[in-house]
Amino acid sequence: LDKGNNFENYLDKIEKSVTKLDGFIRDIIDFSRNARTEVEAELIDFKTLILEVFENLKYLDEKDRIKRIVKVDVQGEFYSDKKRLSVVLNNIIANAIKYSNPHAETPFIEVRVKQNSSVTEMVISDNGIGIAEEHIDNIFKMFYRGDAKSRGSGIGLYIVKETLERIQGTISVHSEYGKGSTFSIVLHSIRPQAIRHSLQQESTNMA
């Protein structure tokens, strides 16, 4: 019986290691793509995008413990890079799921979006374990881990910040340890013609 239990523990450790390595590889790929691929502007449907991210991360919340709240206020058409926005949302929401509070009576993740044709404000809140005050100023740095038990690659939030900078976005965070975190994102619409104009200028400068 002991041998059986040891074998199961061994397999469990292997599975966790493989999952962690897979996540690290995905982060490296996202980082590489953000650095080398051009920004592609397209019409963004925030509600559909957010629901897709939640669906893709369903495996992290196997028992569906966490309540998902999505509120989108749309006024006008907004253009941005959908793939990069997916990377940003995926990282933040995945962290909210991974670091949810197991003792919370009703754990939740809420994504609120207020959009017009020029600017979109996005707020992602949770009542998870939160971030200690001494770590707040460092969480967007590459390879920074606020906890030795961290399950992430250490570059997820760094990628979020770098990705947002490529698409005219900024991010800030407010968190209280033991109570939860709130990430606030401000995005400026990127018109396809503006990207073409920027590329033309780059070509002229290089000539």
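Residues are numbered from 1 along each chain as its sequence is written. In this predicted model, local features need pLDDT of at least 70, side-chain atom pairs count only at pLDDT 80 or more, and totals for chains, interfaces and linings use all residues, while side-chain values use heavy atoms, without hydrogens and water.

**Exercise 1.** Determine which residues of helix H2 are buried and where they lie on the helix.

*Solution.* Step 1: helices (H or I, at least four residues) and strands (E, at least two) are DSSP runs, numbered from the N terminus. Step 2: buried means under 20% relative accessible area, exposed over 50%, partly exposed in between (1.4 Å probe, protein chains only). In H2 (residues 46-56), Phe46, Leu49, Ile50, Val53 and Phe54 are buried. Step 3: viewed down the axis of H2, these residues fall within an arc of 135° (taken from the directions from the helix axis to the C-beta atoms), so they line one face of the helix. Step 4: Glu55 and Asn56, on the other side of H2, are exposed.

**Exercise 2.** State the strand order of the open sheet and identify which strands stand at its edges.

*Solution.* Step 1: two strands pair if DSSP finds at least two bridges between them. Step 2: the open sheet has 5 strands in the order E2-E4-E5-E7-E6, with mixed pairing. Step 3: E2 and E6 (169-176) each have a single partner strand and stand at the edges, so one side of each lacks a neighbour in the sheet. Step 4: E2 and E4 pair in the parallel sense over 8 bridges; isoleucine 69 has glutamate 110 in E4 as its bridge partner.
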